[in-house]
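The sequence and structure come first, followed by the terms and then the findings.

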Amino acid sequence: MAYVGAIDQGTTSTRFVIVDHDGGFVAMAQKEHEQLLPQPGWVEHDAAEIWRNTREVVTEALAAAGLEAVDLAAVGLTNQRETTLVWDASTGEPVAPAIVWQDTRTADLCRLLGGEEGLDRFRAKTGLPLATYFAGPKLRWLLDNVPGLRDRAVRGEVRFGTMDSWVMWNLTGEHVTDVTNASRTMLMDLATLQWDEGILAAFDIPRSLLPRIVPSVGLIGRGKDVLDGVPVAGILGDQQAAMFGQACFNPGDAKNTYGTGCFMLLNTGTQAVASTKGLLTTVAYQIATGKARYALEGSVAIAGSGVQWLRDQMKIIDDAAEVEALAESVGDNGDVYFVPAFSGLFAPYWRSDARGLVAGLTRFSEAGHLARAVLEAVAYQSRDVLEAMEADSGVAMNELKVDGGMVVNDLLMQFQADILDVDVVRPETIETTVLGAAYAAGLATGFWSGIDELREHWAEDRRFTPTMDESRRTALYASWKKAVDKSMGWVEQ
């Protein structure tokens, strides 16, 4: 068999990709799902819709390639992380809409759980601050607010999972999650890679709800339905999958993914490095029978979704691809700054009381300035994260590998290099998230011989070198920091 498949269950869409032995894409099908916004700060998904879409894109991609499921050596899975749902163990029906990682409804609950110890109460074991971002508080909220759910959980009638668990349940019948996704719940001990009984007690979450934790790379189950009999042999959270797809296997390797959000990860090897600068300590991946590899991560909530906001809410553009031309219609940002704190600010600030703002508007300002400000905000946020990462790790970066849908925007990539003052390197294959899931499955089943072979598939497409004057760089970033300060404290605690 000459192919592997990969499911990429993302924040805005689900897709299935078929990959050949050289890492090339043979076929891909993709379908968006609805973003449910029932009230300010709430973001939900219909998990049943997502599973229907998953089945459809698998069928479409196989048909486009002229293949059947039996032609696949293995299938991997990558997913939006932290998005949380609970479903009936007998019927498989969700008991409530899935709470998306961007949702902020658990802000008060996080402060309650922190108590006198504050937001770092569980950081030593989990590598995470108490924040609305993570799955554990979302699960606690569901148990507290869905009528009768806690009693059903105690009786063992329901199951919890992030989106990897949901897809695996429907695809294989297994109730599992991998170490990368488990590390984003706030319920797993990074050292033992197991659910922590003390944290479960503090969150008041019954153990019976939780999936079995498995390595990221290894045979997990066999597909049913549209992937009947195919080995499912890899699960990675989306940002860890992108790291895998970028062949960042050595300590010190780093990548930045520009998707719905923006996520920078630095491989720290077998050592879980504690952050003092507002970053997350997370599992990068684990190959079955091997030790876990860890990473420092800087998570930014709003990147590509800021462009979607321009399109869907502001109606400034009709298609996301139009944003680059609109931004290029003006020579600079016109002193306009956009702080996309729609879900508060993530790394390195962790301020759930922040909200989005546009600063510096004058009568001179026009749509092009706002479009440029939205793009530049992605780069400024990435600098916030990179500076924290260098401080935590002691590693000074001289280049940054990038991937994700936004990296086709040359204006953004050049500005990113300019504001960081480091080379930004775009690979030939920018869809490294789904590629990483395919790599994991193929590696587990012997389709590829090892990580050295995967490294050989990586190739550079374009390198963006800084050209901005240092005084200009300093002035722009200082104004960005001023705008960030203005965004904080908007929501009364």
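## Basis and terms

A residue is called buried under 20% relative accessible area, exposed over 50%, and partly exposed in between, with a 1.4 Å probe and protein chains only. The model is a predicted one, in which local features need pLDDT of at least 70 and side-chain atom pairs count only at pLDDT 80 or more, while totals for chains, interfaces and linings use all residues. Residues are numbered from 1 along each chain as its sequence is written, and side-chain values use heavy atoms, with hydrogens and water left out.

## The six-stranded sheet

Helices (H or I, at least four residues) and strands (E, at least two) are DSSP runs numbered from the N terminus, and two strands pair if DSSP finds at least two bridges between them. On these terms an open sheet of 6 strands runs in the order E3-E2-E1-E5-E14-E13, with mixed pairing. Its edges are strand E3 (25-32) and strand E13 (217-222), each of which pairs on one side only. From one strand to the next the twist averages 25°, where axes are lines fitted to C-alpha atoms, for helices over the stretch in contact, and angles run from 0 to 180 degrees between N-to-C directions.

Within this sheet, strand E1 (residues 3-9) and strand E5 (residues 72-79) pair in the parallel sense over 6 bridges, and Gly 5 stands opposite Val 75 in E5. Helix H1 (residues 47-65) packs on the sheet, touching E1, strand E2 (13-20), E3 and E5, with contact meaning heavy atoms within 4.5 Å. The direction of H1 makes about 150° with that of E3.

## Salt bridges

A salt bridge is taken as a side-chain nitrogen of Lys or Arg within 4 Å of a carboxyl oxygen of Asp or Glu, and by this rule the count comes to 35. One of them joins the side chains of Arg 15 and Glu 431 (2.9 Å, N to O). This pair links distant parts of the chain, 416 residues apart, with Arg 15 in strand E2 and Glu 431 in the loop between strand E22 (423-427) and helix H14 (432-444). Arg 15 counts as buried at 8% relative accessibility, whereas Glu 431, at 24%, is partly exposed.

Arg 383 and Glu 387 also meet in a salt bridge (2.9 Å, N to O); both lie in helix H12 (residues 367-393), 4 residues apart, about one turn of the helix. Here Arg 383 is buried at 16%, while Glu 387 is partly exposed at 35%. Elsewhere, salt bridges that share partners join Arg 81, Glu 82, Arg 184, Asp 238 and Glu 297 into one network.
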